Amino acid sequence: MRMHLRHRCGALLDLEDVRSRLGLMEQSYSGVRPIHVDHIIGTVGRGGDFDRCFNPLKPQLRERLRTVERAFKDGDFPPIDVYKMDSAFFVVDGHHRVAAARKMGMVTIDAVVTAIHTPYRVDATVDEERIELTEHERRFLIDSGLRKARPDARIAVSSANAYWELLEAVKAYGFDLMERRQEVLTRAEVASSWFDCVYLPT
């Protein structure tokens, strides 16, 4: 039954894994406020304890959940601690409170929020596959020079291999561009011209 629930709900995303893949460092304290329970998609170090629906995966955790439910029958939980990444949240402390809130059908729960600044879209629908694809986008933006030339640019494709193909296309475009101009250009200069003259019109 536990394996069936985990398969149906999926696994919680691990904050440090996501943070490392997307190269995110900057963060700031956002204070205490209500957050949407169904926007909580990840955890800090407890991926083996709960699935993404916050069903406990171990017998002792289910007993602990029942204790929390009895202690806070009205849903008036102390604030949980979370990291916010775009519009998604990762639990640091309060996994059982989130599980109880979901069982009670609560829409929001109070949380102490620390925001991790990200240029990427991370919402309640994001899964491991999407994070991996975004990681490849990040590498493409850096390797192509587009991150420096157009910091706000986002290139959405359907597969990781497509980013490799795009990078090769940018390199080929840069070679032709330098041949035409008879001068050496930086990666950022090539990327800027490719983005403005090829990508946007296309």
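Biologist: Which residue of strand 5 is the bridge partner of isoleucine 40?
Modeller: The partner of isoleucine 40 is phenylalanine 89. This is a predicted model, in which local features need pLDDT of at least 70, side-chain atom pairs count only at pLDDT 80 or more, and totals for chains, interfaces and linings use all residues. Residues are numbered from 1 along each chain as its sequence is written, and side-chain values use heavy atoms, with hydrogens and water left out.

Biologist: How many bridges join strand 3 to strand 5?
Modeller: Three, between residues 40-43 and residues 88-93, and the two strands run parallel. Strands here are DSSP runs of E with at least two residues, numbered from the N terminus, and helices are runs of H or I with at least four. Two strands pair if DSSP finds at least two bridges between them.

Biologist: And strand 4 with strand 5, parallel or antiparallel?
Modeller: Antiparallel, over five bridges, with strand 4 covering residues 80-85. Aspartate 81 has aspartate 93 of strand 5 as its bridge partner. Two residues lie between these strands in the hairpin, where aspartate 86 takes a positive phi near 60°.

Biologist: Turning to aspartate 123, where does it lie?
Modeller: In the loop between strand 6 (108-116) and helix 5 (128-144).

Biologist: Is aspartate 123 buried or exposed, and why?
Modeller: Aspartate 123 counts as buried because its relative accessibility is 10%. Buried means under 20% relative accessible area, exposed over 50%, and partly exposed in between, with a 1.4 Å probe and protein chains only.

Biologist: Which residues does aspartate 123 touch?
Modeller: Not counting residues up to four places away in sequence, aspartate 123 touches Ile41, Ser87 and Ala88; contact means heavy atoms within 4.5 Å.
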